[in-house]
Amino acid sequence: MREVLEGSQAVAMAVARCRPGVVCAYPISPQTHIVEALSRMSRTGELTDCEYVNVESEFSAMSVSIGSSAAGSRTYTATASQGLLYMAEAVYNAAGMGLPIVMTVANRAIGAPINIWNDHSDSMAMRDAGWLQLFAMDNQEAADLHVIAFAVAEELGMPAMVCMDGFVLTHASDVVDVPSAEDIDAFLPPFRPLQSLDVENPATIGTMAGPESFTETKYLQHMRFLDAADVIASWSARFAERFGREAGGLVARFDPDTLDRSATAPPAKWDDVTVIAMGSVLGTLQAAIEPMRAAGAHVRLVGISAFRPFPTQALRDAVGASRNIVVVDRALELGAQGVLTSCVGGALVGTGSRIHSVVAGLGGRPILASSLTAVIQRAIDGDLRRLEFLDLKEGGVPAPSLGATEVSR
Amino acid sequence: MTTVHIPFMQTGTLAVGGRLLDLEERSVQSQADRPSSLTKGHRACQGCAEALAARWVMDTAVEESGGKLIVANATGCLEVFSTLYPESAWKPPWIHSLFANAAAVATGIASALRAQGRDDVRVLAQGGDGGTVDIGLAAVSGMFERNDDVLYVCYDNQGYMNTGVQRSSATPPTARTATTPAVGKAPGAPYGQGKSMPKIAMAHEIPYVATATVADLRDLESKVRTAMSMHGARYLHVLVPCPVGWGTSAAQSIALSRAAVESGIFPVLEARDGEIVATHPIRERVDVEEYLRPQARFAHLFKPGGEEGLERWRALAEANIRRFRLTEATP
């Protein structure tokens, strides 16, 4: 049913309809509305056979999730920012033990200085933790991705983060069609853990691995991650078939003319500037690029839907013959460049692409379509530096010297 | 069975197996079909009281749960010596996640069991003093405060023994550790009383708190039985001498545990809903020296200049005896 919903409410409804056995969270802005809604549903009876556990920290939220998932219950949690870092040790641990917990990350900046607003620093800091990371571009996709995330995570025995921009999505109302409980029941198989704490079949979970076996353990974890690309693509395709709309997948392609999302959009051409981004800024980019296309500019848009596993092949396919790349990055590798830029650079290595990192929207700075249009135009004109900060305020902030942002190649 | 004369040594706290007793009065360990939950082949040091205590605790809990027990273990000696891949010394379903989170993992297991309607399966969490009173304190306190249906057992050897004997907040004052060396003006651990987790647990007014030692294994066993007969958050604190960390011979672990009790240094008690309901009265009081002198970590107390430290210990024992009325019989 299509209805106007706050992003957090849509996510909470989708999660509840996935029938989790345990929901455990510690409140942090901008995740709070999601867990408030779930705690309410666990009392009103909308969420049955589910334990909602209030804990004293994010570290315990993830630890409780580890216990409940290991004991064979579908498990959900949500956090953001400092909370994600506070649980970091347990985030890695859940992945190492192959526990398919699904966690919403309401993306928010990391301090200092303390800042509650949106960017991608938090989930980017956990990019090597062994979790799938699926990014939502709008509230519809945020709701849908949770259904896909449970299916993918549980098939693989691997935890999944669904990343949605804090406030921009979590607190924004939009028309959303949350999949019904009946449809999700038909789509999402019941949770059958690959291993669990079972008194009938006792197992030891979480042993110590020495130098003679640790490498192999990590190798197997990596191989499983590579399998994940196919599993994500497969479940996303099944979702599109059943629900009649695209969600998830590895890379989001957009029609060259309408800028609508389209899995069948052709790859970019040699004379295109390709703009790559993830999350809600893709919507702003649609708005920024559409008039440029209408005016005859050769600009294409590609979204990263699955940041982990990083969709190297799908990205290369979408970028096609384009060699002029602009990455709009919502997180910064201090002393290097944007985080997504590094990953894109790794994926496009050997293609001779010129990759520009545009760091935008840190700590909730609004990303204006007009600013994006100007940056993309400069990329077309060959006037964009390797690293730029969008709308950096003049005065008080020294402009970087050319040498600081350009390297010989 | 009244025709058999049972000598005191077979019924009292000093007897372990009790093979001359009626079957139902015997300890779990005296039974041929004992669970052996922590089974042979693990890598604990000789004289490790933690391994001894864990075996008794676990076997009793397994028996009390009808074989339906799930265990969450903190990082530490107990985890390291029992589960080096690809081997495991644990027979019950057992999980190790991290150092600081055994209590929270146990909450997660208990929550999942509730959601699944499995009220027949019980949950036990365990860790050392570091994982309980230091790095894991917040998670333990959270589990207590929510009154989650978990029995948490702390094996207290008063330091970070697994990493090479560093000070924890359960390390008593004056003790020499690798990070509180016995040099300088105030040799050994300079401050603290050895953080009292039982008192912290009692402040949460949870249904059951108890302390025990390996000097009285029947008492330990009976406290596990009591704890397992109840629901909600329960806490058991067991003093476990560590020959490596304490600088003692492997043969002294039991005797030192007894000296800790009989000198007043380690009060043995039970509390319900935050109120002490029973204390183990000192049978034959000994001076703190009997506990301290065999331990190399206190050797500096018996050299010139060590008198002040010894007096500190005597004051600590006196305070315990007064506070917990250890020379009086339990009312």
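A salt bridge is a side-chain nitrogen of Lys or Arg within 4 Å of a carboxyl oxygen of Asp or Glu. Over all chains, this structure holds 31 salt bridges.

Before you start clicking, note that this is a predicted model, where local features need pLDDT of at least 70, side-chain atom pairs count only at pLDDT 80 or more, and totals for chains, interfaces and linings use all residues. Residues are numbered from 1 along each chain as its sequence is written, chains are lettered from A and ligands numbered from 1 in the order in which they are written, and side-chain values use heavy atoms, with hydrogens and water left out.

**Stop 1: two helices in chain A**

Select residues 58-70 and 88-96 of chain A, which are helices α3 and α5. Helices here are DSSP runs of H or I with at least four residues, strands are runs of E with at least two, and both are numbered from the N terminus. The two axes are 8 Å apart, at an angle of about 15 degrees. Axes are lines fitted to C-alpha atoms, for helices over the stretch in contact, and angles run from 0 to 180 degrees between N-to-C directions. α3(A) and α5(A) are therefore roughly parallel (under 35 degrees; over 145 is roughly antiparallel, 65 to 115 roughly perpendicular, and the rest oblique).

Now show side chains: F59(A), M62(A), S63(A) and I66(A) of α3(A) touch E89(A), A90(A), V91(A), N93(A) and A94(A) of α5(A). Contact means heavy atoms within 4.5 Å.

**Stop 2: two helices in chain B**

Next, pick α4 (residues 102-115) and α6 (residues 137-146) of chain B, whose axes are 7 Å apart and which pack at an angle of about 40 degrees. That angle makes α4(B) oblique to α6(B). Look for A103(B), A104(B) and T107(B) of α4(B) meeting A139(B), V140(B), M143(B) and R146(B) of α6(B).

**Stop 3: from R146(B) across to chain A**

Another to select is R118(B) with E200(A), at 3.8 Å from N to O.

**Stop 4: the whole interface**

Finally, zoom out: 37 residues of chain B are in contact with 37 residues of chain A. The two chains bury about 2,800 Å² between them, 62% of it on carbon and sulfur atoms. Buried area is the accessible area (1.4 Å probe) that two parts lose on being put together, summed over both.
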